[in-house]
Amino acid sequence: MVARFGADLPVTLNAPVTAIDDTGPSVRIESAAGSISAKAVIVTVSTGVLAAETIRFTPGLPDATLGAIGNMPMGLLAKVPLLFDGYHFGLKSNEWLAYKVPEEMPAQACYFLTWPFNMDLMVGLVGGKFGWELSAAGPDAAVDFALGELRKIFGEKVDQHFIKGDFTNWAYDPLVRGSYASERPGFHGARAAMAEPLDGRVYLAGEALAGKYSVTCGGAYMSGERVAGDVMAALGAG
Amino acid sequence: MDVPASEVRPNGIPWSGVSQTWTGPMSMGMDFADLSPVDWWSLSTTKPNLEV
Ligand SMILES: Cc1cc2nc3c(=O)[nH]c(=O)nc-3n(C[C@H](O)[C@H](O)[C@H](O)COP(=O)(O)OP(=O)(O)OC[C@H]3O[C@@H](n4cnc5c(N)ncnc54)[C@H](O)[C@@H]3O)c2cc1C
């Protein structure tokens, strides 16, 4: 879907941006694939990437924006897809498999999406601090944990039918650094503060800035579309 | 009052561990201790999204 959306646009992949300089006659963007100049730039990286300061902004982002970014840390929801041989344990496609956990929070849990679109996959989900811990421990630990939780429910049938598993590394992928952003308790308004237009030709967009549609793909799209409209208006191209 | 969800959760309700796990880590990627109920509530109109 993403490829189709961008089919008529010149898109360069695998070109992490390292610097954005808004002090010259045009905005200068440095990336692993070289430098380009632009009339404006829309930055849609996560708050995790912005907080890590792997992109150097000149001039620096305003204090209010930096404060808002700091008050919207990335949460983590990671996936443990498990491939089975076609045996579906009596579970229907596209349902949730959750189970009782100890009342002591946070719990160590892996809830599952069963057989999405009737594929032979059980997609485990781990999140929060436990998700970060499992991410640090690596894919084998995550797959072991998810299988162990299933074994408690379905017993030895799990091992009889399991083929292989994997784990998403969004936690420690330097281009993501989590799943999506949340306002820290006590800092409601951070999303709105970060969405305030910056002076100059650098614009921020993405899921974190999508108001009530934040944390979703649809919200990310709407935020980008809104900011693209702002850019066109500012350039007199609307 | 925007305090962590862990400070306002009801205690002693059967299966509350499941609902907290579901709403916190499995939905927002945040444990209740780090979750802002105000932020969560302000996003609650987005529920028709299908998790995949
Ligand atoms: C487990 C899970 C399940 C989800 N389920 C759903 C769902 O069912 N429905 C839904 O609507 N949403 C869902 N989401 C949320 C959705 O995926 C995000 O909200 C959305 O992807 C955010 O889009 P974005 O464009 O703002 O950011 P991202 O998707 O993070 O895109 C940012 C892009 O910037 C790139 N980037 C980073 N640094 C640089 C750099 N220096 N230079 C150049 N590029 C860079 C990254 O590679 C990335 O491609 C889910 C998320 C997770 C983790």
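How many residues lie between S1(A) and S2(A) in the hairpin that they form? There are five residues between them. The model is predicted, and local features need pLDDT of at least 70, side-chain atom pairs count only at pLDDT 80 or more, while totals for chains, interfaces and linings use all residues. Residues are numbered from 1 along each chain as its sequence is written, and side-chain values use heavy atoms, without hydrogens and water.

Strands here are DSSP runs of E with at least two residues, and helices are runs of H or I with at least four, numbered from the N terminus; two strands pair if DSSP finds at least two bridges between them. Strand S1 (residues 17-21) of chain A is antiparallel to S2(A), with four bridges, and Ala19(A) stands opposite Glu30(A). S2(A) is also joined by five bridges to strand S3 (residues 34-38) of chain A, again antiparallel. Ile29(A) has Ile36(A) as its bridge partner there, and two residues separate S2(A) from S3(A) in their hairpin.

Buried means under 20% relative accessible area, exposed over 50%, and partly exposed in between (1.4 Å probe, protein chains only).

Cys110(A) counts as buried because its relative accessibility is 0%; Cys217(A), at 70%, counts as exposed. Tyr213(A), in the loop between strand S11 (202-204) and helix H8 (217-234) of chain A, is partly exposed because its relative accessible area is 33%.

Key
Chains are lettered from A and ligands numbered from 1 in the order in which they are written.
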